[in-house]
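Let's take a friendly walk through a protein model together. Keep the sequence and the 3D view side by side, and look up each residue as we come to it.

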Amino acid sequence: RQRMYHVRGRTMLKEYAISTSAKGLGAERDSYRTPTGLHRVSERIGADVPPWGVLKDRAFTGELADSACNDGRDVITSRILWLSGLESGVNAGAGVDSHDRWIYIHGTADEGSIGTPSSHGCVRMRNADIIALFDELPVGTLVVILDN
């Protein structure tokens with residue numbers, strides 16, 4: 001469905017359009033697929049990065065994304081919520097570990113792709129959306145990625 005639902009308790013607070021992997025779902029290392037199952041936010045990166053700020057190796061480069069960034073690269077922008085899998089053999093452990101695979105929820109320079117499977121494994125969001133969500137989610141927040 002390429003949708004994310006922010007739920008607290010039994011109340012849906014917000015619905016977001018997202019993009020998961022162009023290669024589908026899966027957890028194998030180097031598969032470039034989006035892992036399913038229960039995760040938690042293990043790290044929050046980019047609190048002071050400006051909107052559309054480019055992050056490389058989890059550090060702000062000083063560059064702001066523009067159309068030149070839409071050249072097939074999976075440019076990470078604005079904020080990163082780094083996920084750790086909580087299900088052994090599914091998204092945690094040897095060969096399938098979401099944290100070791102650098103699976104993030106992050107902003108993208110290619111906002112036009114939001115709503116279609118187009119990432120390299122992460123969950124992409126519009127920049128304004130990831131900034132707003134980042135401010136709401138502390139480390140430890142649970143994230144479920146479902147195969148609908």
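Start with Arg124, which is buried, having a relative accessible area of 2%. Here "buried" means under 20% relative accessible area, "exposed" means over 50%, and "partly exposed" is in between (1.4 Å probe, protein chains only). Salt bridges that share partners join Arg124, Asp74 and Asp110 into one network. A salt bridge is counted when a side-chain nitrogen of Lys or Arg is within 4 Å of a carboxyl oxygen of Asp or Glu.

Before going further, a word on what you are looking at. This is a predicted model, in which local features need pLDDT of at least 70 and side-chain atom pairs count only at pLDDT 80 or more, while totals for chains, interfaces and linings use all residues. Residues are numbered from 1 along each chain as its sequence is written, and side-chain values use heavy atoms, with hydrogens and water left out.

Asp110 forms a salt bridge with Arg124, and their closest N and O atoms are 4.0 Å apart. Asp110 sits in the loop between strand 7 (104-108) and strand 8 (123-125), while Arg124 belongs to strand 8, so this pair ties together parts that are 14 residues apart in sequence. Helices (H or I, at least four residues) and strands (E, at least two) are DSSP runs, numbered from the N terminus.

Side chains of opposite charge can pair when their charged atoms come close.

Now move to strand 1 and find Arg3. Arg3 forms a salt bridge with Glu15, with 2.8 Å between the closest N and O atoms. Glu15 lies in strand 2 (residues 11-17) and Arg3 in strand 1 (residues 3-8), so the pair ties together parts that are twelve residues apart in sequence. Both ends are partly exposed: Glu15 has 36% relative accessibility, and Arg3 has 34%. Leaving aside neighbours within four places in sequence, Arg3 is in contact with Glu15, Tyr16, Ala17 and Ile18, where contact means heavy atoms within 4.5 Å.

Strand 1 has another charged residue to look for. Which residue forms a salt bridge with Arg8? The partner is Glu136, and the closest N and O atoms are 3.3 Å apart. This pair links distant parts of the chain, with Glu136 in helix 1 (residues 127-136) and Arg8 in strand 1, 128 residues apart. Glu136 is partly exposed at 41% relative accessible area, and Arg8 is partly exposed at 46%.

Is His6 buried or exposed? His6 is buried, with a relative accessible area of 9%. Beyond residues up to four places away in sequence, His6 touches several others, including Tyr16, Leu133, Glu136 and Leu137. Val7, also in strand 1, is partly exposed, at 48% relative accessible area. Together with Tyr5 and Met12, Val7 forms a nonpolar patch on the surface, with about 290 Å² of accessible area in total.

Finally, turn to helix 1. Its buried residues include Asn127, Ile130, Ile131 and Phe134. An α-helix has 3.6 residues a turn, so residues three or four places apart point the same way. What covers the buried residues of helix 1 includes strand 1, strand 2, strand 3 (37-45), strand 6 (76-85), strand 7 and strand 8.

Within helix 1, zoom in on Asn127. Asn127 is buried, at 1% relative accessibility. Not counting residues up to four places away in sequence, Asn127 touches Trp52, Thr77, Ser78, Gly107, Thr108 and Glu111. Asn127 and Ile76 are 51 residues apart in sequence and 9.7 Å apart in space, C-alpha to C-alpha.

Note on methods:
Patches are made of residues with over 30% relative accessible area and no salt bridge: like charges are joined within 9 Å, nonpolar side chains (Val, Leu, Ile, Met, Phe, Trp, Tyr) within 5 Å. Accessible areas come from the Shrake-Rupley method with a 1.4 Å probe; for residues, only the protein chains shown count as cover.
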